[in-house]
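Here are my notes from going through this one. Have the sequence and the coordinates open while you read.

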Amino acid sequence: MRVCALVLAALATTTLDWSGAAHAAAPAEQRLGHISIVTEGSGSPVVLIPGLSSPRAVWDGIAPELARNHRVILVQVNGFGGDGAGENLSPGVLAGVVGDVHAYLAAHKLGPAKIIGHSLGGLVALQLAKAHPEDASALMIVDSLPYIGDIFVPNATVAQLEPQAKAIREQMVGSYGKTDEAGAQRTAATLSLTPAAREKVQSWVEKADARVAGEAMYEDLTSDMRSDMARIATPITLVFPYSAAMPKERAEPFYHGEYAKAPHVTFAPVADSGHFVMLDQPQAFAAAVRAFLK
């Protein structure tokens, strides 16, 4: 499965990271314990949450367009994108991110907002909708699952996979401070399809704090939301990729099955794409976002 690339890349190199070009302007950044936030534009709020080790620049292809009509809230997990780890050197990274996003929306009276989350950010979006349904009017989940363990063993339990999750965490945390150019190239090749996307992915691989990435990966592998899906009333749009490596006839039933219990879900497949849909197919991704925001 395409989402499996996330775990495979974790095993291949020190960290996982991907991005685009830097923002032309430098809006003021607000740092909280677990995240930092940059806002652009004005209007109805849209929150963009990147995935494991991803900087906010992964949204550079869509954020300027959204900022014409929306207040765009660009989240970045502390320790990703080359910044300081903040409070993310202790367990509870995901809960801390969810809590900080909720606190920000509540403090600025911005809920309910449209939430767009990629990969690990998609899991954060689901957890936010579960814990604070008043924060989210709709979710766009980009290539993420209620439980990533299903890519290892269908219907796997957390207990079954926890030893593997611990081993992955130890390997990633142990790589802190080391450089692995070949691993960065493998990560890029695993997570994206186009040369331009792979170049962006590789350029950010070594910037994330491997200690934060390792703990976040462990928490991803031990967070099972399958039993929660039936109770998440927030409408969900699920963007998933398919390609020659993962044909649509395999991808479609897999993703549909993973979200079968969600009461309000719309599926948005994107052809000829890897895990980083917004980098591999920016026009198709932008069209899906426009449809979601309507």
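Which residues form one aromatic cluster?

1. Phe240, Phe254 and Tyr255 do. Bear in mind that this is a predicted model. Searching the whole structure turns up three aromatic pairs. One of them is Phe254 with Tyr255, an edge-to-face arrangement with 5.3 Å between centres and 80° between the planes.

2. Both partners of that pair are worth a look for burial. Phe254 has 13% relative accessibility, so it counts as buried, the cut-off being under 20%. Tyr255 comes out at 0% and therefore counts as buried too.

3. On to the sheet. It is open, has eight strands with mixed pairing, and runs in the order β1-β2-β4-β3-β5-β6-β7-β8. Since β1 (29-31) and β8 (265-271) are the edge strands with a single partner each, one side of each has no neighbour in the sheet. From one strand to the next, the twist averages 20°.

4. Within the sheet, check β3 (residues 44-49) against β4 (residues 70-77): they pair parallel, over five bridges. Ser44 has His70 in β4 as its bridge partner.

5. Now the helices. α3 (residues 93-107) lies across β1, β2 (35-40), β3 and β4, at about 155° to β4. α4 (residues 120-131) also packs on the sheet, where it touches β3, β5 (113-118), β6 (136-142) and β7 (236-242), and its direction is at about 145° to that of β5.

6. Last, two charges over rings. Arg169 sits over the face of Tyr218, 3.9 Å from the ring centre. Lys114 is over the face of Phe292, at 5.4 Å from the ring centre.

Definitions and conventions: Residues numbered from 1 in each chain as written. Predicted model: local features only at pLDDT ≥ 70, side-chain atom pairs only at ≥ 80, totals over all residues. Heavy atoms only, no water. Pairing = 2+ DSSP bridges. Helix = DSSP H or I, 4+ residues; strand = E, 2+ residues; numbered from the N terminus. Axes fitted to C-alpha atoms, helices over the stretch in contact; angles between N-to-C directions. Contact = heavy atoms within 4.5 Å. Phe/Tyr/Trp six-rings, centres within 6.5 Å; stacked < 30°, edge-to-face > 60°. Buried < 20%, exposed > 50% of the residue type's maximum accessible area, 1.4 Å probe, protein only. Lys NZ or Arg CZ within 6 Å of the ring centre and 35° of its normal.
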